[in-house]
Amino acid sequence: MDQTYYITTPIYYVNDVPHIGHSYTTIAADVLARYFRADGRDVRFLTGTDEHGIKIVKAATERGISPRELADEVVVGFQGLWKDLNISNDDFIRTSQARHERRVQAIINRLIERDEIYLGQYEGWYDEGQEEFITESAAADNEFKSAVTGKPLVRYKEPTYYFRLSKWVDKLIEHVESNRGFIQPQARRNEVLSKLKMGVADLSISRLKEKLGGWGIEMPNDPAHSVYVWIDALSNYRTALGWPEIGDQHDGAGAKYWPADVHLIGKDILWFHTVYWPAILMALDEPVAKCVFAHGWWTSEGKKMSKTLGNFISRETIAEICSEYSVDVYRYFLLRAVTFGADGDFSHDALQGRYNSDLANGLGNLLNRTLNMIDRYFDGKLPASGEIGSDERIVQAAAADLRASATGAMESCCFGLYLDKITELIGATNRYIDITAPFKLAKDESQVERLGTVLYTCAEAVRIVLTYLWPLMPETMAAGLEQLNWKMGAEGSITEAAEWGRLTPGTQTRKPEPLFPRKS
Ligand code: ME8
């Protein structure tokens, strides 16, 4: 059976419009999904929208429309952005869909059957922007304001159903400690562990339905209550696969793809994914996801994004960036500019700098030089390689190193390492051209075989670079490969295609059309 790969993004709230931050997580997930699909795995890539909760209700009320109308409007923006950005998700879940709502109720019923839920009374603080219950001491530490949005916390006093979270703390600690890869990067793992070791109270998992204007998923045991939005939302990762099976149609994906290989998230929602979600799964006697990877946050032009500051990178701003450069350049920049896991800043200067150095001067130039020389010296027909020596071996070793590291780098979401290996191969090939000086060899007829070896080596190196950059920049890399008369995906998996020597001598290549014209 094919090896599966299940990757998810957070499902995004529909109270506000999509922006660069959402695009970052989704692009990263898309790159992984494309890589593993191209490498022959059976991939399921899920994204979607989180449509319940008090903040959606309030945003809709402010606009004078219903929460459903708001959700229906905003979801179009998210789906449109994913189309703009060439996102290859296999499914898109909305938490207001019946397939999800019925399964969330089935999950709650199972928890009730297992005596994991009891009725109590909540009195305390709530962060409505984050949809999060805040302990008295954490509230006091932050002057009763949200640590994330800075808005005042709200005092709640109401009956609520609790999930016996405290009962699972020891098992959670043990799980995190014995599975080093479960929380990535490592610094986040330590953060979660130390907070867990301070003790965790039971979790309120319902809100009074009347306080949500009736918007939400009804608790199956009590129509006066709605399911707390985070329990509703986290369940999406399994309900989208048709689990639990409740008699309606499903395609067996629930058993096939779970446990997920990666939940990709931003650092803001780490606790929910590494404590609440696995505890619920443990209480259901179900396996937990293999990895939760929390990436950092983007600022814009050096400041936290805000509409009033004018530095908010909305779908429209992303479209402007993509029309000035391209969708692929935007995708590349987000993953190249910062180490995955760290915070980053988006600036037009940094984008232009990266574009010119990595893409126009580095990769674009290498492809142009190679194709130009094949065109000029061999009428566009790829020459055969003669005997190779130590100069060729250096380039081949860089290609072999990239090939050997690629899958592991992607498995651990190390885009930085993956791209470093690509950059090393580009650098090694550009140096190789400087050392072997093919334009000088071309002047000496007795060196025609040597010239062939050099150009074959360059063409192979650049083909392998383009192949590995394809998951990040699918359209531009396919166009570059076409100039080499090579079709992505036609020659087996990405790892197979990246084997040295796959290009057939005699292949007719094209005159180069610059993929990345220099910008000034
Ligand atoms: O939290 N930089 O939804 P959300 C980088 N519905 N990433 C950012 C970002 C920024 N400045 N701002 C947002 C929710 N993100 C819940 C999730 S999952 C079961 C429920 C990204 O719309 C990042 O991935 O607030 C973050 O985790 C997510 O958007 C939060 O999206």
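This is a predicted model: local features need pLDDT of at least 70, side-chain atom pairs count only at pLDDT 80 or more; totals for chains, interfaces and linings use all residues.

Q: Ok, and which residue stands opposite Val262 in S12?

A: That is Ile7, which stands opposite Val262.

Q: How many bridges join S12 to S13?

A: Four bridges join S12 to strand S13, which covers residues 292-295, and these strands run parallel. Within that pairing, Ile265 has Ala294 in S13 as its bridge partner.

Q: Is S12 buried or exposed?

A: Five of the five residues of S12 (residues 262-266) are buried, so the strand is largely enclosed by the rest of the structure. The cover is found on both faces, because buried means under 20% relative accessible area, and that label applies to Val262, Leu264 and Gly266 on one side as well as to His263 and Ile265 on the other.

Q: Switching topic, which residues are closest to the ligand?

A: The ligand is surrounded by 22 residues, and the closest are Ile11, Thr25, Asp50, Gly266 and Trp298.

Q: What about the backbone, which atoms of the ligand does it lie by?

A: A backbone N or O atom of Trp298 lies 2.9 Å from a nitrogen atom of the ligand, and a polar backbone atom of Ile11 is 2.8 Å from a ligand nitrogen atom. For Tyr13, a backbone N or O atom lies 2.9 Å from an oxygen atom of the ligand.

Q: And how much of the ligand does the protein bury?

A: Taken alone, the ligand exposes 680 Å², and the protein buries 94% of that.

Q: Which element gives the largest share of the shell?

A: That is S1, from which four residues of the shell around the ligand come. By class, the shell has 11 nonpolar, nine polar and two charged residues.

Q: What order do the strands of the open sheet take?

A: Four strands form that open sheet in the order S5-S4-S6-S8, with antiparallel pairing. Strand S5 (132-134) and strand S8 (203-204) stand at the edges with a single partner strand each, so one side of each is left without a neighbour in the sheet. The partners S6 (residues 154-163) and S8 pair over two bridges, and Tyr162 stands opposite Ser204 in S8.

Definitions and conventions
Residues are numbered from 1 along each chain as its sequence is written. Side-chain values use heavy atoms; hydrogens and water are left out. A residue is near a molecule or strand if one of its heavy atoms lies within 4 Å of it. A polar contact is a pair of N or O atoms within 3.5 Å; within protein, one must be able to donate a hydrogen and the other to accept it, and residues adjacent in sequence count only if both atoms are side-chain atoms. Accessible areas come from the Shrake-Rupley method with a 1.4 Å probe; for residues, only the protein chains shown count as cover. Ala, Val, Leu, Ile, Met, Phe, Trp, Tyr, Cys and Pro count as nonpolar, Asp, Glu, Lys and Arg as charged, and the others, Gly among them, as polar. Two strands pair if DSSP finds at least two bridges between them. Buried means under 20% relative accessible area, exposed over 50%, partly exposed in between (1.4 Å probe, protein chains only).
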